[in-house]
Amino acid sequence: MAKYQDNILYQSKENDKYSLIIKKAGFETLTPLQKKLVGAISGNKYIIAETEEGCGKTMGIVLPVIANTDSSLPGLKSIIIASSPENVVKISTLFKKLSQRRVTNLLSVAANSERNIKKDSRLLQKQPDIFISTTDSIIDQIRSNNISLEGIQSCIIEDSDIDDHYSFEKDVEFIFSKLSKKQLFIVFTKNKKHDYSFYQLFKKPITINCAEAGEKKIMDNSFIQNIVSEIKSGSDIKNLDEIKKIIKKNVPFFTRSYFSAWLLKKYAEQNGYNVLAKDSEEKSSDLKTIFINIGNARGLYSKDIAGMVLSSKVAEKSDLKRIKVLDSYSFLDVTSSKAEAVINVINGVTFKGKKLNASYAKNVKKTSKPGPAPTKTSINQDDA
């Protein structure tokens with residue numbers, strides 16, 4: 001859990017680091033793909049980036065290598081696998097330009113297009129930080145014992161010009177077999193529907209694309225369960241205890257649930273997810289708020305309200321947007337066209353000895369009283 005909080009707290013610094021590289025390179029700002037890539041790298045080792053023309057792919061390939069390579073360590077540090085000799089030249093040319101602009105001091109070499117093992121081996125004798133090549137040339141050097149992959153920190157792959165997917169898969173799998181699996185792996189793929197066999201070697205990969213933020217994936221239960229599993233593993237329990245002490249000292253007790261929610265929201269957003277389902281983001285003008293006369297004190301929960309409405313068939317899950325259960329009463333946001341029918345269903349129902357009354361809420365803010373923090377439940381969760 002500590003690493004998740006670290007990712008959030010230091011994300012602004014990471015953004016500054018990448019933005020500085022972009023500006024030094026002569027660009028004004030990160031593209032949508034590059035922004036998502038920055039967020040994904042801070043919390044994931046296996047990333048699949050779905051690309052399109054004009055999305056800033058080439059700079060996206062270069063960015064993580066420049067920003068995340070530890071140049072103090074000896075030996076080759078990164079391999080970039082390009083889909084064609086032409087793309088090898090394209091990526092290599094960008095690296096040279098960035099070196100000339102003093103954006104990076106990393107030494108990169110590119111395999112020659114003639115697939116000449118001797119020429120490439122002489123380049124590798126310069127002890128470069130980065131080797132840019134097709135799969136064929138890298139495999140030639142591995143089999144000739146001219147290249148060591150022991151110190152590789154990142155492996156970047158792009159497939160835009162691949163025709164023979166089967167051979168490409170097998171070549172990449174062979175290269176992966178020589179790596180420690182501790183590297184940062186990023187695949188820039190144009191073949192969005194193609195499920196490469198080497199994806200099976202990725203542990204919990206995250207997929208990003210060129211689309212703007214409005215098309216982010218919705219955060220589901222598995223996203224949270226991954227965090228819970230990380231906590232249960234106990235691998236970082238000492239750091240967690242220290243952070244808990246910091247939170248206890250600085251965050252008031254009744255604010256801690258909101259503090260946790262804020263951290264989860266930030267972490268989800270930086271990984272390309274929307275925290276709330278699209279249904280919960282509809283304009284209030286399309287919704288009506290219904291007031292119900294009992295709440296938690298009478299044992300009423302959001303699933304009880306949802307169950308009453310859905311079992312009556314007067315509304316669907318998509319019509320129920322948000323349920324707020326307070327101590328003495330509750331509120332239900334529902335699609336305007338279904339509000340009257342929902343009120344009729346709830347009115348007069350006897351719940352644990354108390355008759356329910358439902359009506360349109362006049363003003364939620366005015367009727368709300370100080371009390372325990374509300375229980376907010378999206379009906380898209382399987383609690384109905």
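A salt bridge here is a side-chain nitrogen of Lys or Arg within 4 Å of a carboxyl oxygen of Asp or Glu, and this tour of a predicted model goes from one such pair to the next.

Among the contacts with a separation of 6 or more, 75% are made by residues 24 or more positions apart, and the count of salt bridges comes to eight.

Next, select Arg115 and Asp140, whose side chains meet in a salt bridge with an N to O distance of 2.7 Å. Arg115 lies in the loop between strand E3 (108-110) and helix H6 (117-124), while Asp140 belongs to helix H7 (residues 135-143), so the pair ties together parts that are 25 residues apart in sequence. Colouring by accessibility shows Arg115 as partly exposed, at 43%, whereas Asp140 is buried, at 13%.

Move on to Glu158 and Lys57, where the closest N and O atoms are 3.3 Å apart. This pair links distant parts of the chain, with Glu158 in strand E5 (residues 154-158) and Lys57 in helix H4 (residues 57-68), 101 residues apart; both residues are buried.

Finally, select Lys245 and Glu242, a salt bridge with its closest N and O atoms 3.7 Å apart. Both lie in helix H10 (residues 237-250), three residues apart, or about one turn of the helix. Lys245 counts as exposed, at 53% relative accessibility, and Glu242 as partly exposed, at 44%.

Notes: Residues are numbered from 1 along each chain as its sequence is written. This is a predicted model: local features need pLDDT of at least 70, side-chain atom pairs count only at pLDDT 80 or more; totals for chains, interfaces and linings use all residues. Side-chain values use heavy atoms; hydrogens and water are left out. Contact means heavy atoms within 4.5 Å. Helices (H or I, at least four residues) and strands (E, at least two) are DSSP runs, numbered from the N terminus. Buried means under 20% relative accessible area, exposed over 50%, partly exposed in between (1.4 Å probe, protein chains only).
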